[in-house]
Amino acid sequence: MTQVDQRAPESAPERTLPPSGCPRLGVLASGRGSNLQALLDAIERGELSAQVVSVASNKADALALVRAARVGVPHQAFPRADYPSRRARDEEMADFLRRSGVDLVVLAGYDRVLATSVIAAFRGRMINIHPSLLPAFSGTLHAPAEALRHGVKISGCTVHFVTEDVDSGPIILQRAVPVLEDDTEETLAARILHEEHVALPEAIRLLAAGRVVLEGRRARIVPGPPTSERCSTTHGT
Ligand code: GRF
């Protein structure tokens, strides 16, 4: 007799972003903003169907804000000193993103842990890029230096969903690079950054196509047609 397993699955698969064809992105960045620029460039070249609708930073002098200004994207700094608590700051920042109508929040070089209330509000709709092959070297702002200290031979970057456990949410995609014997923190970080600029648009493309499915703590990529449709507006509102 055939045994049929009638137990309910641990948790049902859950689609993340509904396929919209053109997600509205809110980007959080703390510094140089090269990942933000990579997104803007991919959109401009027609390689990513998305719109950057807002950029927020915890640092008033973040170059990311200048990059947003250059292309007319609404942007704002939220320095911690202007708010009674980190949570108050983060919630204001989340309201700013909501007002711009974001579908997806992208942490692109954002160097602070967000308030749990904000993480919960954007669950399944907030991603981060980290310069290591997670779960190695999570929770540090110096992942390439740690990779060298441990003598790993391969490193890379990871795009993952943001959850309350820092750098531990479901992994959407990873890209690997070799670690060379004469690497310094700078040369390794630059090699990884080059891959980040490919990985982040690619992850958003997958999400926009509705091809990322959450199964428990795992994000699975399911087959689907390539998305090539261009948004009518590329930046701003
Ligand atoms: C990147 O390496 C990113 O992975 C890390 O911070 C760096 C930010 O670079 N979280 P940029 O500001 O996007 O140039």
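This is a predicted model: local features need pLDDT of at least 70, side-chain atom pairs count only at pLDDT 80 or more; totals for chains, interfaces and linings use all residues.

User: Why do the buried residues of H2 line one face of the helix?
Analyst: The buried residues of H2 (residues 63–70) are Ala64, Leu65, Arg67 and Ala68. Viewed down the axis of H2, they line one face because they fall within an arc of 160°. Val66, Ala69 and Arg70 are exposed, on the face turned away from the buried side.

User: What covers the buried residues of H2?
Analyst: The cover includes one helix, H1 (34–44). It also includes strands, among them S3 and S4.

User: In what order do the strands of the open sheet lie, and which are the edge strands?
Analyst: The sheet has 7 strands with mixed pairing, in the order S4-S3-S2-S5-S6-S7-S8. Each edge strand pairs on one side only. The edge strands are S4 (75–77) and S8 (171–178).

User: Which residue of S4 is the bridge partner of Ala56?
Analyst: S3 (residues 51–57) and S4 run parallel and are joined by 3 bridges. The partner of Ala56 in S4 is Gln76.

User: What angle does the direction of H1 make with that of S3?
Analyst: H1 packs on the sheet and touches S2 (24–28), S3 and S6. Its direction and that of S3 make an angle of about 170°.

User: Which residues come nearest to the ligand?
Analyst: The shell around the ligand has 5 nonpolar, 6 polar and 2 charged residues. H1, S6 (126–130) and H6 (185–208) each give two or more residues to the shell. Of the 13 residues around the ligand, the nearest are Arg32, Ser34, Asn35, Gly109 and Pro131.

Key: Residues are numbered from 1 along each chain as its sequence is written. A residue is near a molecule or strand if its C-beta atom, placed from the backbone, lies within 6 Å of it. Helices (H or I, at least four residues) and strands (E, at least two) are DSSP runs, numbered from the N terminus. Ala, Val, Leu, Ile, Met, Phe, Trp, Tyr, Cys and Pro count as nonpolar, Asp, Glu, Lys and Arg as charged, and the others, Gly among them, as polar. Two strands pair if DSSP finds at least two bridges between them. Two residues are in contact if their C-beta atoms, placed from the backbone, lie within 7 Å. Axes are lines fitted to C-alpha atoms, for helices over the stretch in contact, and angles run from 0 to 180 degrees between N-to-C directions. A residue is buried if 20 or more other C-beta atoms lie within 10 Å of its own, exposed if 12 or fewer, and partly exposed in between; C-beta atoms are placed from the backbone. The arc is that of the directions from the helix axis to the C-beta atoms.
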